[in-house]
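Here are my notes on this model, point by point. Please read them with the structure open.

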Amino acid sequence: MRSVYGWLRGHPLVVDSLLALVVVFLGISAVGHRDAKVPVALTVVLLVAMAIPVALRRLYPVWAFAAVLLVGGLELFTLPKPSGADLAVIILLYTVAAYRPRRVSLAALAVCLAGSVVAVLLWVPAPGLDSVYTGPALLAWLLGDSMQWRRGYYRGLEERAARAERERDAQAQIAAAAERARIARELHDVVAHNVSVMVVQADGAAFALDSSPARAREALTAISRTGRQALAEMRSLLGVLRSVDESDAELAPQPGVEQLAGLLEQARAAGLPVSFTIEGVPRPLPPGSALAAYRIVQESLTNARKHGGPAVTAAVTLRFCEDQLVIKVTDDGRARAVPADGDGLGHGLIGMRERVEVHGGTVTAGPRPGGGWRVTATLRLPAAAASAAPLGPAAPLGPAAPVQSAAPLGSAASVGSAAPLGPAAPPPPAESGAA
């Protein structure tokens, strides 16, 4: 049944032609009860002239209505009484009210009412019968105007639904682009850091292969361990993308400040002496801020190892303030410009800036006045609680009391605890001042 209605809506001329046949059938009565003075041919012509505009009513509503009014005027002065074909006037008035602006339909209604008055005077002189002619015209106009209002209302609903669908698609595209950017940042941090460690270890193994086979064997073991760690991080990052159901993916917690000890030990094992300093009252961080802090330190150490030269040393400082965390990573390597071509078009620095901006913070990176490089980032944090809990067993931060001196991260605070593969200058003392 729905397909039949759909076909009829798609072929309005067929429906209107059937309606015109109904008008012709109703008008046959005028031919059978015609006046002897009125020729049959004239009656038939008037009947056909009233029916044809009905068939074209939705194609040309105003012109069809005008044609029916003209033929109806001829009927007033030709036929002795109305015929069933006069229903065409009511049909066309409804059509004008339903498909044309209200100012046009009101003019058509006024013309019909005036014609009804003339018809009453000529055909039905008896008093009290004028409503028989004016009532159908008013009812047809009201139905047509109501139909136009309903059609406009449904059209507005369809437009709003289409707009909502477009907005939903746009939001989905924005979300997909944001997710792709997030995955790209994570992959850059994981791959750039671990691959740079593997390259340094491989160079050291090649250097020590003849003179110190044991050192070369240790370097190869470190390369293997770093590669497995990189694969594990990439697998946990891309597991959701490979799985149809996210619940089937092997998920792992994202790294945070608690994992900085392992990161620093890995950097030292790769030949980069690093010192670590904590200032203020350590406290747990939100997961997003903890991940951002870890990635900032990771990216900064990676850049120091890649661009700082063979004898570079680095220092990492975390300053816990009342409403923010200040992260400062400095090195004393050779002077260098902001990476543009050799470091993935500067995607590491761009990724750090994007991570920090998500948490309402800022990041600056540039050369130090005395040589080397400095990265300073601030992350907004919730107000500190009355008593702060330690960050975790992986990074014991000491007693929770405000300090200005450097607080070691366990044994990881000592500089160069793991001997580098190549010669390295003695590390500088840890910085404890403000950035």
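1. β2 and β3 are joined by a hairpin through three residues. Strands here are DSSP runs of E, at least two residues, and helices are runs of H or I, at least four, numbered from the N terminus. This is a predicted model: local features need pLDDT of at least 70, side-chain atom pairs count only at pLDDT 80 or more, and totals for chains, interfaces and linings use all residues. Residues are numbered from 1 along each chain as its sequence is written, and side-chain values use heavy atoms, without hydrogens and water.

2. The sheet is open, with five strands in the order β1-β2-β3-β5-β4 and mixed pairing. Its edge strands are β1 (274-280) and β4 (362-367), each pairing on one side only. Two strands pair if DSSP finds at least two bridges between them.

3. β2 (residues 314-320) and β3 run antiparallel, joined by seven bridges. Thr-317 faces Lys-328 in β3. On to β5 (residues 373-380): eight bridges join this strand to β3, again antiparallel. Val-329 has Val-375 in β5 as its bridge partner.

4. β4 pairs with β5 over six bridges, in the antiparallel sense. Ala-365 stands opposite Val-375 in β5.

5. How many residues of β3 (residues 324-331) are buried? Seven of its eight. Buried means under 20% relative accessible area, exposed over 50%, partly exposed in between (1.4 Å probe, protein chains only).

6. Cys-112 counts as buried because its relative accessibility is 6%. Cys-321, at 23%, counts as partly exposed. A search of the whole structure gives zero disulfides, meaning pairs of cysteine sulfur atoms within 2.5 Å.
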